[in-house]
Amino acid sequence: MVFSESVDTVNYLERELKQRLNRNDILAVCAKSRNRLRDTIKANFDAKYKKERRNDYNIIITSDVLAEGVNLHRANVIVNYDSPWNATRLMQRIGRVNRIGSTANAIHNYMFYPSDPGDAIISLKKNSLIKLQSFHSALGEDTRIFSHDEMVHEFKLFNADVRDETDRSLELLSEVRVLHDTNSALYRKIKQLPPKSRCARVSERLNLNNPTQGTQCGATEASVEMRLGETLPCTVSYLSSPQKKAYYLVGKTTRELSFLEAADLFHAEPDEKSVPFGDDLQLHYEQVQKALAQYTLDQQSEVQEEKLKIGSKDNDAKKAAAFLREIRPLFDDEGRHTVDRLKQIVERGTYNQLADALNRISKKQKKEPSPSIKILEQLEELDKRYSQPETPTATKQVALTTADIILSETFI
């Protein structure tokens with residue numbers, strides 16, 4: 001595979017190589033010939049080609065028209081006759097050959113750099129190296145593909161020993177799926193649990209590690225408290241409303257948990273049994289009420305933040321309405337009707353996007369004044385888009401809602 005960004009260079013290389021090497025197995029491909037040669041390219045260079053493979057060509061010279069969207073992995077040598085300005089393009093070129101299904105033991109990548117005098121002016125080599133190094137630092141790489149100056153290493157993103165929240169979420173989903181497939185009766189029983197279901201658990205049976213690693217039976221009370229960050233007894237509550245779902249851990253303090261933190265605490269082995277609340281039942285009620293109180297406080301805070309956001313949008317609406325009042329005298333009666341309709345929609349606050357669009361027109365008009373007919377065309381387009389019957393979701397209401405207690409567990 002020989003790549004060049006210039007079609008003239010592709011034609012030059014084809015001509016010179018055929019003459020100097022006296023070979024007829026060289027295929028040149030550019031944008032004009034790609035579709036015509038599609039089957040020829042696949043038959044000679046695609047390792048996944050379903051029809052009869054051919055060996056008519058061993059060298060393909062191409063522009064970047066073949067740098068993406070095609071399999072070329074019967075080849076195992078890549079020659080970059082010029083260094084692409086876009087470092088991503090280099091990786092795409094290599095990706096045509098370095099693919100699953102390649103039978104080559106090794107893939108060789110050769111780079112032609114610009115001359116030293118030319119590179120001193122355009123700094124192509126330096127800029128390409130900087131861009132590629134940023135990819136390596138962010139994503140990891142185990143092979144140098146452009147220069148021996150590249151620093152490559154395995155990044156944690158590709159380290160199977162490193163687990164993140166996505167991995168743990170997938171494990172939990174897999175566990176639920178297995179339960180559904182192997183014990184549908186228990187799955188339905190769990191699904192039909194009534195709201196406000198509660199239980200007490202012995203803290204020593206608390207799973208201190210990842211759920212997939214099994215329960216740490218016999219854990220000391222001190223280690224349990226360290227895991228929870230609370231004194232015992234303490235309660236985990238799952239609260240839900242149409243606006244917000246949340247998990248709270250309540251002991252000497254009250255704090256919100258992430259879903260995965262709560263899942264770790266709720267997780268139990270099949271042989272674990274609940275225990276009577278005994279004297280701790282009243283404490284359980286009190287801790288659940290503290291969770292509800294914290295839920296209300298958190299929701300009030302979120303509502304206030306949302307009101308501030310809406311307030312900023314109100315300012316945008318006021319600016320848009322002022323712009324419409326300012327330009328209204330420029331138009332005839334029909335144009336004024338369009339302006340009036342848009343102004344009503346803006347003032348109702350139905351569509352924040354409309355106010356944003358009008359403010360962009362206003363800002364552009366101040367920098368580069370346009371004829372009134374051009375402005376009216378833009379307003380008519382907005383009028384067509386937004387002068388529709390309002391839907392229930394067009395406006396966002398900000399209100400407090402009461403949370404339902406779904407589940408709660410007290411560790412004693």
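**A strand between two partners**

A: Tyr 248 stands opposite Glu 256 in β9. This is a predicted model, where local features need pLDDT of at least 70 and side-chain atom pairs pLDDT 80 or more, while totals for chains, interfaces and linings use all residues. Residues are numbered from 1 along each chain as its sequence is written, and side-chain values use heavy atoms, with hydrogens and water left out.

Tyr 248 belongs to β8 and has a second bridge partner, Ser 237. That contact is part of the pairing of β8 with strand β7 (residues 234–240), antiparallel over six bridges. Pairing takes at least two DSSP bridges between two strands. Helices (H or I, at least four residues) and strands (E, at least two) are DSSP runs, numbered from the N terminus. Four residues separate β7 from β8 in a hairpin.

How covered is strand β8? Mostly: of the six residues in β8 (residues 245–250), five are buried. Buried means under 20% relative accessible area, exposed over 50%, and partly exposed in between (1.4 Å probe, protein chains only).

Now the charged pairs. There are 12 salt bridges, each a side-chain nitrogen of Lys or Arg within 4 Å of a carboxyl oxygen of Asp or Glu. One of them joins Glu 272 to Arg 201, at 3.0 Å from N to O. Glu 272 sits in the loop between α9 (259–266) and α10, and Arg 201 in strand β6 (residues 197–201), so this bridge ties together parts 71 residues apart in sequence. Both ends are covered: Glu 272 is buried at 13% relative accessibility, and Arg 201 is buried at 3%.

Arg 328 and Asp 340 form another salt bridge, with their closest N and O atoms 2.8 Å apart. Arg 328 is in the loop between α10 and α11 and Asp 340 is in helix α11, so parts 12 residues apart in sequence are tied together. Arg 328 is partly exposed at 32%, and Asp 340 is partly exposed at 24%. Shared partners link Arg 15, Glu 16 and Arg 20 into one salt-bridge network.

The loop that holds Arg 328, between α10 and α11, also holds Asp 332. Helices α11 (333–348) and α13 (372–386) each supply at least two of the patch residues. Patches take residues with over 30% relative accessible area and no salt bridge, joining like charges within 9 Å and nonpolar side chains (Val, Leu, Ile, Met, Phe, Trp, Tyr) within 5 Å. Areas come from the Shrake-Rupley method with a 1.4 Å probe, and for residues only the protein chains shown count as cover. Lys and Arg count as positive, Asp and Glu as negative; His and chain ends are not counted. A charge is placed at NZ of Lys, CZ of Arg, CG of Asp or CD of Glu.

There is a positive patch too: Lys 319, Lys 363, Lys 366 and Lys 367. Helix α12 (residues 352–367) gives the most to it, three residues. Lys 366 lies in α12 and is exposed at 68%.

A nonpolar patch of about 270 Å² is made by Tyr 12, Tyr 81 and Phe 112. Tyr 12 is in helix α1 (residues 7–21) and is partly exposed, at 34% relative accessibility.
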